[in-house]
Amino acid sequence: MTSVGSSVAPALLDERELAATLEREGYFADEGLCTAIHLALRLNRPLLLEGEPGVGKTEVASVLSRVVGRNLIRLQCFEGLDSGQALYEWDYPKQLLQVRVAESRGQEVGDLYREEFLLRRPLLRALESDHGAVLLIDEIDRADSEFEAFLLEFLGDFQITIPELGTVRARTPPIVVLTSNRTRELHDALKRRCLYHWIAFPEVDRERAILRAAVPGLEERAAEGLVRAVQRVRGLPLLKRPGIAESVEWARGATALAEGGSPWPVALRRALGLLIKDEEDTRLLLGHAEELFGDA
């Protein structure tokens, strides 16, 4: 098996090695996601992951950074995000100080647009990383369409132009992971530049494996009952269906209560606040409590 680390090009990992390596890092990807990650690494294409909140989209970038031994650089998107906040800005207070110091000494001000006055934001830091980085562009659907358009050149060529300094090209192209909760439709032009994959809720066996890895001490029978209950909960018409992160927290909370003497089905009900985050959803669940947790 190929060893994994910063000295190994990530594209050299085949799908089986990649799946095993992800599992050792605590991420249980299904076959479709492993194929998507493998191809994104092999072809050096940005990976666009969509899915409901809590299914593990962001964690893909985090675990990849550990697998390939690169720094994780994160750009959190939000409404109103512009290129300056994502790429670079000039440090105007520092430039003003330079002007005043020069004037007080009777000296020439000099060039105020050189690198020492540059504030590097996530995209520029990813380009300038000597050994490459894993760049997470998180929740791109929260950004405006104008920012999406700005990203096209960056994702296509991995370079940007700073008018005062010239063109900056990636020393080592970053591994790029974009995530979207699909609160709005992304533009086709952005999708064409990416390898797309939808992350669904995990099937029973995979979710059980995730819980066993994430919650030490969780008994096999309890894990089975909890996963069965979570799968039923997701089948209800909830305002927000629980993701993997919520089911892990639910398991941890119920385990703590069970260790304190609470019977397991009762512990599940008492820890519901870790699984459900809405009052209406909670009332709906409690109305189906017997069928949801009766055999958990």
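## Briefing on a predicted 296-residue protein model

Phenylalanine 158 is buried (under 20% relative accessible area, with exposed over 50% and partly exposed in between, for a 1.4 Å probe and protein chains only), at a relative accessible area of 9%. The model is predicted, so local features need pLDDT of at least 70 and side-chain atom pairs count only at pLDDT 80 or more, while totals for chains, interfaces and linings use all residues. Residues are numbered from 1 along each chain as its sequence is written, and side-chain values use heavy atoms, with hydrogens and water left out. Of the 296 residues of the protein, 48% count as buried.

**Confidence**

- The mean pLDDT (the predictor's confidence in each residue, from 0 to 100) is 89 for the protein, and 95% of its residues reach 70 or more.
- Confidence is highest in strand β1 (residues 47-50), at a mean of 98, and lowest in helix α14 (residues 289-293), at 76.
- The pLDDT is below 50 over residues 1-7, a stretch that has 12 contacts in the model beyond near neighbours in sequence; contact means heavy atoms within 4.5 Å.

**Overall build**

- The protein has 14 helices and 9 strands, taken as DSSP runs (H or I, at least four residues, for helices; E, at least two, for strands) and numbered from the N terminus.
- The C-alpha trace spans about 80 × 45 × 40 Å along its principal axes.
- Among contacts between residues at least 6 apart in sequence, 72% join residues at least 24 apart.

**Nonpolar cores**

- A nonpolar core is a set of buried Ala, Val, Leu, Ile, Met, Phe, Trp, Tyr and Cys residues joined through side-chain atoms within 4.5 Å.
- The largest nonpolar core has 37 residues, and Leu123, Ile137, Ile140, Phe147, Leu151 and Phe154 touch the most other members.
- At least two residues of this core come from each of β2 (71-76), β3 (88-90), α6 (122-128), β5 (133-138), α7 (145-157), β6 (159-162) and β8 (175-180).
- Helix α7 supplies the largest share of this core, 5 residues.
- A second, separate core has 31 residues, among them Ala229, Val230, Ala254 and Leu268.
- Leaving aside residues up to four places away in sequence, leucine 123 touches Leu75, Ala86, Leu87, Leu135, Ile137, Phe150, Leu151 and Phe154.

**Pocket and cavity**

- On a 1 Å grid over the protein atoms alone, a cavity is a set of points where a 1.4 Å probe fits but cannot get out, a pocket is an open set with protein on both sides within 12 Å along at least five of seven lines, and lining residues have an atom within 4 Å of a point.
- Grid points are joined across faces, edges and corners, and a volume is the space filled by probe spheres set on the points.
- The largest pocket has a volume of about 410 Å³.
- Its lining has 21 residues, of which Tyr27, Gly56, Glu59, Ile244 and Ala245 lie nearest the centre of the pocket.
- Helices α3 (57-68), α9 (204-214) and α11 (244-259) are the elements that give two or more residues to this lining, and α9 gives the most, with 4 residues.
- By class, the pocket lining has 9 nonpolar, 6 polar and 6 charged residues, where Ala, Val, Leu, Ile, Met, Phe, Trp, Tyr, Cys and Pro count as nonpolar, Asp, Glu, Lys and Arg as charged, and the others, Gly among them, as polar.
- There is 1 cavity of 30 Å³ or more, and the largest cavity has a volume of about 50 Å³.
- The largest cavity is lined by Tyr27, Ala29, Asp30, Leu33, Val55, His197, Ile199, Ala200, Arg206 and Ile244, which by class are 7 nonpolar, 1 polar and 2 charged residues.
- In α9, Arg206, Glu207, Arg208, Ala209, Ile210 and Leu211 are buried, and their cover includes α10 (220-234) and α11.

**Loop residues**

- Most residues other than glycine have a negative phi.
- Phenylalanine 158, in the loop between α7 and β6, has a positive phi of about 50° although it is not a glycine.
- Arginine 182, in the loop between β8 and α8 (188-192), has a positive phi of about 60° and is partly exposed, with a relative accessible area of 43%.
- Phenylalanine 78, in the loop between β2 and α4 (83-86), is partly exposed at 36% relative accessible area.
- Not counting residues up to four places away in sequence, phenylalanine 78 touches Gln85, Arg142 and Ala143.
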